[in-house]
Amino acid sequence: MKHTLFKRYLLLLTCTVIGLTPADNRTAIIRRPVVLHAKADDSKEYKRMFVFQGRLYTDTGEISTAGRCGVMDGRIRTSVSSRRIPTKELQSNFGKGYDVQIGNRNRMEVCIDDTWHIFAWHENDLDGVSIRVRRSSAKSAVLVIKNTSRQEVFWGDDFLLEKKSFRTGEWHPVPSKANIAFHDVAYLSDRTAATWKADFRSAYGTLKPGTYRIIKQFGCRTGQTQPEYHTLFAKFRIDP
């Protein structure tokens, strides 16, 4: 097992990581050109998808009943077949005329038949890379990060926590302490497995019993290409 800790501040400054600080549960959209490379397989039907600000969002299967303001961030303008991947701005493969709002982190919410459905960008879709919780307590958790891809994968100490509502089944951000900062370091994994420990106490205190998921952002690069960032999460439970 190879797990290298290195302080490459220039890398982190150059490759700006989308903020995953607990004090800010709403991730700002990075406004930069994104080229979509979408190859459709006409023999299969895809999950519901749409494009917003150059990013392809995919239906997570989750819904939201949270209160919201009446100001929309956009409306789906055009649509393609469910057997195709949308590539144009505010285009979907499930119809048009639906209102959209920016959600938490890497997520958008779309109102379909009076129900708000949650869509996500680059969530749990980093091929060859997975995370799982090896052990957890009310104070910390140890994650196993497995990388079987051909890519160099890196991550920092930052993370978010969400708790599942027993009543509705929805995931809600765990309230965090104010003015929390994480160490400016990065961890590197290249075709290996590594462990990483999340200490909950400084940002969240001691967790109460329930079902949680830890959310982390990972960067990857192949060769000299610009890094891409993906959000991965792993569930765990705190027993009474």
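Close-up 1. Gln53 is partly exposed, with a relative accessible area of 23%, where buried stands for under 20%, exposed for over 50% and partly exposed for the range in between (1.4 Å probe, protein chains only). Although Gln53 is not a glycine, its phi is positive, at about 50 degrees, and the residue sits in the loop between strand S2 (49-52) and strand S3 (55-64); strands (E, at least two residues) and helices (H or I, at least four) are DSSP runs, numbered from the N terminus. This is a predicted model, in which local features need pLDDT of at least 70 and side-chain atom pairs count only at pLDDT 80 or more, whereas totals for chains, interfaces and linings use all residues. Residues are numbered from 1 along each chain as its sequence is written, and side-chain values use heavy atoms, with hydrogens and water left out.

**Close-up 2. Asp114 in the loop between strands S8 and S9**. Asp114, a residue other than glycine, has a positive phi near 65 degrees, and its place is in the loop between strand S8 (107-112) and strand S9 (115-120). With 76% relative accessibility, Asp114 counts as exposed.

**Close-up 3. Asp59 in strand S3**. Asp59 is buried, at a relative accessible area of 14%, and a polar atom of its side chain lies 2.9 Å from the backbone nitrogen of Gly61. Leaving aside neighbours within four places in sequence, Asp59 is in contact (heavy atoms within 4.5 Å) with Lys47, Arg48, Ile118 and Phe119.

**Close-up 4. Strand S16 and its antiparallel pairing with S11**. Strand S16 (residues 193-199) has a covered face formed by Ala194, Trp196 and Ala198, while Ala193, Thr195, Lys197 and Asp199 make up the uncovered one. Strand S11 (residues 140-147) pairs with S16 over 7 bridges, pairing being assigned if DSSP finds at least two bridges between two strands, and Ala141 stands opposite Ala198 in S16.

**Close-up 5. The largest nonpolar core, with Ile214 among its residues**. This core, a set of buried Ala, Val, Leu, Ile, Met, Phe, Trp, Tyr and Cys residues joined through side-chain atoms within 4.5 Å, has 32 residues, and those with the most contacts inside it are Leu161, Trp196, Phe200, Ile214 and Phe236. Among the elements that each supply at least two residues of this core are S11, S16, helix H2 (201-204) and strand S17 (210-221). Leaving aside neighbours within four places in sequence, the contacts of Ile214 include Val133, Leu143, Trp196, Ala198 and Phe236.

Terms used. A polar contact is a pair of N or O atoms within 3.5 Å; within protein, one must be able to donate a hydrogen and the other to accept it, and residues adjacent in sequence count only if both atoms are side-chain atoms.
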